[in-house]
Amino acid sequence: MRRRLLVQVMAIAALPLFVAPAFAAGESGSSGGQTTTTCKKGEVWDKKKNKCVKPQYGMLDDDSIYEAGHDLAMAGRYDEAISVLTLAANKQDPRILNYLGYSHRHSGRVTVGLGYYEEALRIDPNYTLVREYLGEAHLQIGDLAGAQQQLNEIEKRTGKGSREYGMLSEQIDHFLRS
């Protein structure tokens, strides 16, 4: 418990370093049918203008920012995803916090990622995708009990048949085999 609190405090203390407006970004949003390969580096898809643009604070709606950040994170372009996601006006959107956590974690900043995941769950404890990613982060730092706790929380909310349960269960099995 003490270790978890320390991780949360460190991650929350680091949040201001990552929520300032950023101007370098990545590509696209998924709702316009665009993919991360549509726009060149440093641009994102603007649904309203129907073209790639250089992102600036306040010029894109949070849904477009989320979609672009999500697409970049899934493409493995984590630093670009972070740059885009920090442009969101609503710094308490659990979707934004989730992919900030995901991108930081995959960039090797697991502790920072944990803080974003915990904040997303504070806002929406039923967000099972965050719980899946949080469980994976616990495995990254060797905390099997923390991962299993998240698996149990997912099971309580969605049962064993959900995608999130299956993915985290598979990661735990892999962790136990290695």
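Contact here means heavy atoms within 4.5 Å. This is a predicted model, in which local features need pLDDT of at least 70 and side-chain atom pairs count only at pLDDT 80 or more, while totals for chains, interfaces and linings use all residues. Residues are numbered from 1 along each chain as its sequence is written, and side-chain values use heavy atoms, with hydrogens and water left out.

**View 1. The protein chain as a whole.** The protein chain holds 8 helices and 2 strands; helices (H or I, at least four residues) and strands (E, at least two) are DSSP runs, numbered from the N terminus. Along the sequence the pattern reads α-β-β-α-α-α-α-α-α-α. Of the 178 residues, 51% count as buried, where buried means under 20% relative accessible area, exposed over 50%, and partly exposed in between (1.4 Å probe, protein chains only). Among contacts with a separation of 6 or more, 52% join residues 24 or more positions apart.

**View 2. Confidence along the protein chain.** The pLDDT, the predictor's confidence in each residue from 0 to 100, averages 81 over the protein chain. A score of at least 70 is reached by 76% of the residues. Over residues 1-36 the pLDDT is below 50. In the model this stretch has 84 contacts beyond near neighbours in sequence.

**View 3. Helix α2 against helix α3.** Two packed helices are described by the angle between their axes and the distance between the axes. Helix α2 spans residues 62-74 and helix α3 residues 78-85; they pack at an angle of about 170°, with axes 8 Å apart. Because of this angle, α2 is roughly antiparallel to α3. Axes are lines fitted to C-alpha atoms, for helices over the stretch in contact, and angles run from 0 to 180 degrees between N-to-C directions. Angles under 35 degrees count as roughly parallel, over 145 as roughly antiparallel, 65 to 115 as roughly perpendicular and the rest as oblique. From α2, the residues I65, Y66, A68, G69, L72 and A73 meet Y78, E80, A81, V84 and L85 of α3. By class, this contact has 9 nonpolar, 1 polar and 1 charged residues. Ala, Val, Leu, Ile, Met, Phe, Trp, Tyr, Cys and Pro count as nonpolar, Asp, Glu, Lys and Arg as charged, and the others, Gly among them, as polar.

**View 4. E136 in helix α6.** E136 lies in helix α6, which covers residues 128-140. Its relative accessibility is 13%, so E136 counts as buried. The side chains of E136 and R105 are joined by a polar contact of 3.1 Å. A polar contact is a pair of N or O atoms within 3.5 Å; within protein, one must be able to donate a hydrogen and the other to accept it, and residues adjacent in sequence count only if both atoms are side-chain atoms. Leaving aside residues up to four places away in sequence, E136 touches R105, L168 and Q171.

**View 5. H138 and Q140 in helix α6.** H138 belongs to helix α6 and is buried, with a relative accessible area of 9%. Not counting residues up to four places away in sequence, H138 touches L114, D143, G146, A147 and Q150. Q140 is also found in helix α6, but at 43% relative accessibility Q140 counts as partly exposed. With the same exclusion of residues up to four places away, Q140 touches R105 and V110. Q140 and R105 are 35 residues apart in sequence and 8.9 Å apart in space, C-alpha to C-alpha.

**View 6. Q171 in helix α8.** Q171 sits in helix α8, residues 163-177. Q171 is partly exposed, with a relative accessible area of 33%. Beyond residues up to four places away in sequence, Q171 touches E136 and L139. The C-alpha atoms of Q171 and L139 are separated by 8.1 Å, and the two residues are 32 residues apart along the chain.
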